[in-house]
Amino acid sequence: MTRVSLAATAAYLPERWMPAAEVALASGVPERVLTEKFALRGKHIAADGEHVSDMSVRVCETLLADLDVEPEALDVVMYFGSMWKDYAVWQAAPWIAHRLGATNAYAVEYDNVSCGAPVALRLARDMLVAEPELRNVLLVGACRESYLLDYANERSRFMFSFGDGAAAALLVKDGEQNELLGSHGITDGSLSLQVKVARGGSVHANDGYAFLDVADPKAMKEQLDETSMRHFVGAAEGALARSALALEDVSFLCALHTKRSMHAALCGALGVDVERSEILDDTGHMSGVDTLLGLDRAVRAGRVRDGDVVLLLAAGTGYTWAASVLRWGPHLG
């Protein structure tokens, strides 16, 4: 049976850091509410000319240097990050591969919203299992959605924590450690029109609102309050079942950035101690980047140990809940 492993991860955060006090000044949301409720001490903001392709190239260069892997050895470069890229109708993956010098790589575009990383891991694993000639897949995602925020729009208040950053991972076939196990997802399409940028698509090519907006915040909140935790747990249980594991086997949680109460409730529902999870209160939410960046941070800090079952869990507007499972350390048996 083909085994797929995560060889390494890398993360990148832009130089500028926007503290909660500055977010409070721009939005009118009290700093105390941002830090205590939103779990936001601050977030990183991309430079004016720094786009998702730039952040993607930078984090990939770091990853390849850490592994001493030449770009020519890459079989697939898959971009899984924010859909808001350098250009409106355009693929980032080929440009990223070209700039890296990955001359032998097949470029795959899987841009998505906040559920991006667990689904990308699932797709990349499936590619490696299904195609005998593939040896590796480089996954990279980036987010620059801080530039899509209108702090005067109270409907988009829950998104005021959105920041910028990038993360990358190299998946390899038949590696020696960090096995990627099962994945699972749940979608509720009834919420698909709630969160969007109206301008730029075929419905409102040039006349729509140019920032992130929520059509009906009250209705969306009511529906998510009723269903979101159930779907988070369902996605986790599905991924664990496909890994021949259960909730009680989870050792460490890397979830997307959420408000503090939601993070605590999620840990409780999954049976994971909050101390055995990553809270990104100094980065905010970075679309599909969160879970991989959180994993990279936890591993480098020595918080993930050999034998740990790591759950990567996210949800994205649309609305999709997704999970992937890793068994950290050397393979068993």
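**A loop residue and its surroundings**

A: Happy to! The side chains of Asp-308 and Arg-276 are joined by a polar contact of 2.7 Å (a pair of N or O atoms within 3.5 Å, where one must be able to donate a hydrogen and the other to accept it, and residues adjacent in sequence count only through side-chain atoms on both sides). The model is predicted, so local features need pLDDT of at least 70 and side-chain atom pairs pLDDT 80 or more, while totals for chains, interfaces and linings use all residues. Numbering starts from 1 along each chain as its sequence is written, and side-chain values use heavy atoms, without hydrogens or water.

Asp-308 sits in the loop between helix 8 (290-300) and strand 12 (309-316); helices (H or I, at least four residues) and strands (E, at least two) are DSSP runs numbered from the N terminus. Its relative accessibility is 7%, so Asp-308 counts as buried (under 20% relative accessible area, with exposed over 50% and partly exposed in between, using a 1.4 Å probe on protein chains only). Beyond its neighbours within four places in sequence, Asp-308 is in contact (heavy atoms within 4.5 Å) with Ser-251, Arg-276, Arg-303, Leu-326, Arg-327 and Trp-328.

Strand 12 also leads us to helix 7: together with helix 6 (217-241) and strand 11 (252-255), strand 12 is among the elements covering the buried residues of helix 7. In helix 7 (residues 260-270), those buried residues are Met-262, His-263, Leu-266, Cys-267 and Leu-270. They fall within an arc of 135° seen down the axis, so they line one face of the helix; the arc is taken from the directions from the helix axis to the C-beta atoms.
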